[in-house]
Amino acid sequence: MNSTFKPGEIREAVFCFLYQLCIQKDSRSEQEERFLADRAYSEEERAFFLERCEGVSTKLEELDATIEPLLKRWTLQRLPLVDLCILRLAVYEILYCEDLPHNVAIAEAVRLAKIYSDDEARSYINGVLASFMRQREAAESETENPQSRTAAVLHSDENPGAASEEPLQDSVEGNETCSGI
């Protein structure tokens with residue numbers, strides 16, 4: 001890797017570009033051309049930038065469908081665009097950037113929220129991503145060992161409350177950001 005390549009800085013530019021796409025009417029290609037014209041990226045940086053921008057743009061419906069059930073007292077339409085763009089990028093990186101540790105994607109999302117949003121949104125984004133990771137890990141362990149889940153459900157009849165069919169969710173209801181803007 002290039003010694004001057006700073007993924008955090010490029011990720012921040014990706015976030016800014018994704019936000020720009022949400023608020024400006026020009027085509028993505030026109031905006032991308034103008035956005036990149038102002039930056040002297042190496043080939044590696046440019047590839048990093050374009051891969052994430054293209055990935056989030058093409059997977060937008062899937063990302064939104066993944067994020068929406070995790071939102072407490074919010075909808076995608078009510079969530080501030082800054083926070084939504086941060087969540088989309090983080091979820092994309094967790095799902096599709098195999099070389100990036102999940103905790104780095106979450107830490108970077110929190111860092112971006114600290115810069116571009118407020119403390120409540122930063123906590124909310126962290127909570128949403130923590131819920132996403134717990135659900136993802138639960139789903140992965142269930143597919144790795146589906147018999148253990150079946151056994152837990154079967155034994156729950158013997159011990160009420162031992163296993164539940166309710167989805168795993170993180171409670172961020174106490175977060176004042178949820179009460180609306």
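**View 1. Glu 93 is buried, with a relative accessible area of 1%.** Buried means under 20% relative accessible area, exposed over 50%, and partly exposed in between (1.4 Å probe, protein chains only). This is a predicted model: local features need pLDDT of at least 70, side-chain atom pairs count only at pLDDT 80 or more, and totals for chains, interfaces and linings use all residues. Residues are numbered from 1 along each chain as its sequence is written, and side-chain values use heavy atoms, leaving out hydrogens and water.

**View 2. Glu 93 and Arg 52 form a salt bridge, 2.5 Å from N to O.** A salt bridge is a side-chain nitrogen of Lys or Arg within 4 Å of a carboxyl oxygen of Asp or Glu. The pair links distant parts of the chain, 41 residues apart: Glu 93 sits in helix 5 (residues 81–96) and Arg 52 in helix 3 (residues 43–58). Helices are DSSP runs (H or I, at least four residues), numbered from the N terminus. Arg 52 is buried too, at 5%.

**View 3. Glu 108 meets Arg 111 in a salt bridge, with the closest N and O atoms 3.0 Å apart.** Both lie in helix 6 (residues 102–116), three residues apart, about one turn of the helix. Glu 108 is buried at 14%. Arg 111 is partly exposed at 26%.

**View 4. Cys 85 is in no disulfide.** A disulfide is a pair of cysteine sulfur atoms within 2.5 Å. The whole structure has zero disulfides. For Cys 85, the nearest cysteine sulfur is that of Cys 22, 3.7 Å away. Cys 85 is buried, with a relative accessible area of 1%.

Note on methods: Helices (H or I, at least four residues) and strands (E, at least two) are DSSP runs, numbered from the N terminus.
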